[in-house]
Structure formats: structure tokens, C-alpha cells
Amino acid sequence: MGSPLGDFVRAKRDSIQPESLGIAERGRRRSPGLRRSDLAARAGISVEYLTRLEQGRDRNPSVAVVNSLADALSLDPSERNHLRYLTKITGGTCVSHTPPAPARRDVRPSVLATLRLLEPGIALVTNRLGDVLAHTSGYRWLASGTGLLDTDAPNLTRYVFTDPRARTFFADWDDIADEHAFDLWLGPSVESSAWLTTQLAVDAGPDFTRRVNRHVVPPRGAVRLNHPSAGEIRLTREVLELPSDAQQLVVFLPADERTAQAVDQLRQQGRHQVQDRPQEQSHRRLRAI
């Protein structure tokens, strides 16, 4: 049985061409990527020990070994952080007997107050599982007609992988899917991540399971949307981490003038809806924030 740490090291080794590291080709290889012997030599460890790590038979490498592997694999800063994180949880996952459970959905009053100050901008409070915990009216208008907020407990990750409308709404669906699959490794807890992963493995199938086991650190560029009524929208993201809550406050900003005009159009449409259905919209607003 493997481990998250071993899977990541093996996946990175398989993705590296020896020539990119200045290693001369030595005959045909049975599998793509860097040989174990080459990686072990670069990291200063034995091939036997590297094999145990990749196969999950050794789950507690020293800090020095982890840093040496990061150097040997030429990991960028994000990938190094992920390697350290996987080292941390690999041992804990094996000995934990806590049953899987969903993450908490409560948001601190001061965070909700901060969110209100961002009205009528596009912002939400979420966690690494993709739970939409609170949002502004601007975010609700953006999601209008997409199905994203149709459930009582909306979840972006579930929406991306199980709602066919998501593949149209997100212009770069593959990149967004990679982000949400990767973020499950950084969920509020190992237990809550396991809970959602188990559910999505059944509901979403190979599109999800293939991504969640690749450990590809996503670049997180601008978000391109195909909005049902406003057309193409490009948004940049500013993320404020709330580490004590295992949550994030995410603010979306127009990336160009075309998007700024489209967002203003959605805002005007939303205000007209509020005027037409004041009691219903007021009730939804209280639920949202």
C-alpha cells in the first residue's frame, strides 16, 4: 500500500526527463522519467530507501531527507510546501482512527462583518474542500443561472466535478478541476477531506480520482467564466487566509474593462430582482451572510 508522500515523489520522478537535469541517457528505460538510481544519487540516499518511501513502507523521513528530495527533484516553492505537508500527514493518516466527517460550516461573526464591508463586490468565505460558507450579493449575482448556489450547502468542488453546467461555466474547466482536487490535500482536516474524497470518488469517477492522486500544484491564474447572461468574464483573485478557522476569504476583481462592464450589468440586474421580490431576496441575503 502506498502513501501520499510516496505517490507524490514517484509522480514527480516519472514526470522528469533526465536530460533536463543534465543526466545522460543510458539505454532504454522500462518506464518514463527519472530512474530511481539517478534520483537516489542526487538526493544522497540509497535506492533501497527511496523504494521504501515510494512504496509507503517508510513514512517518516527526516527533515534532511525531505529537503534533499526537494532539491533533487528541483521542486518549486509551492511543490516544496506540498512535499512537507504530505510528509506531515502521511504518518498521521496511518495511525488515525477518527472516522471521516464533514467540515464545520460556521463562520466567525467578525469574518461575516468583513464580508459585508465588501458589498456589493464579488467575495465569499470558503474552505479548501470548496464549501461556500458565506458570500456577498455580488457573488450570488455572478452565480445566478449556473446552478452553483442551488443547494442548501453549496460546494464548489462537488459542483465542478458533478454538475454538467460547470464545464461550460468555467472556461478553463481542467485548470479549475486541478485546483479543487489538489486543495483536498489542504482541507480543514484529514478526516473531512477523506469524507468528501470518498463521496466524490463515487459520484465524479475517473475525472476526479485521476486528479486527486496526481499531486500537481496548480498555478491559480485568472478565472475565466462563460456567464449565462453576461458572456465571457475574466476575474483575478485576492485570497486572505484565515488559518485559525481553516477558511479563506476570496475576493474577485474584474481583470479587464469588458468584465467590469459585465459585472456592473449583473449588479443592476440583481438590484432589479431585489426590487421585484423584496421579501424573498431579503430572506436569501440573511442566509448568504
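A residue is called exposed when its relative accessible area is over 50% and buried when that area is under 20%, with partly exposed in between. The structure described here is a predicted model.

Helix α11 covers residues 190–203, and its 14 residues reach 20 Å from the first C-alpha to the last, which is close to the 20 Å expected at 1.5 Å a residue. Its buried residues are Ser192, Ser193, Leu196 and Leu200. Seen down the axis of α11, these buried residues fall within an arc of 95°, so they line one face of the helix.

The face of α11 that is turned away from this buried side carries Thr198 and Val202, both of which are exposed. On the buried side, the cover over the buried residues includes α8, at 156–162, and α12. After α11 comes Gly205, whose phi is positive, near 75°.

## The hairpin of β1 and β2

Strand β2, made of residues 132–135, pairs with β1 in the antiparallel sense, and the pairing runs over three bridges. Within this pairing, Leu124 stands opposite His135 in β2. The two strands, β1 and β2, form a hairpin with five residues between them, and in the turn Gly130 has a positive phi of about 95°.

Which sense, cis or trans, does the peptide bond from Glu119 to Pro120 take? The bond is cis, with omega near -5°, and Pro120 is found in the loop between α6, at 109–117, and β1, at 122–126.

For context, most peptide bonds are trans, and most residues other than glycine have a negative phi.

Arg220 has a positive phi of about 60° although it is not a glycine. The place of Arg220 is in the loop between α12, at 206–212, and β3, at 223–227. Because its relative accessibility is 33%, Arg220 counts as partly exposed.

Ala246 also has a positive phi, of about 55°, although it is not a glycine, and Ala246 is found in the loop between β4, at 231–242, and β5, at 247–254. Is Ala246 buried, partly exposed or exposed? With a relative accessibility of 30%, Ala246 counts as partly exposed.

Methods:
Residues are numbered from 1 along each chain as its sequence is written. This is a predicted model: local features need pLDDT of at least 70, side-chain atom pairs count only at pLDDT 80 or more; totals for chains, interfaces and linings use all residues. Side-chain values use heavy atoms; hydrogens and water are left out. Helices (H or I, at least four residues) and strands (E, at least two) are DSSP runs, numbered from the N terminus. Buried means under 20% relative accessible area, exposed over 50%, partly exposed in between (1.4 Å probe, protein chains only). Two strands pair if DSSP finds at least two bridges between them. The expected span of a helix is 1.5 Å times one less than its number of residues. The arc is that of the directions from the helix axis to the C-beta atoms. Contact means heavy atoms within 4.5 Å.
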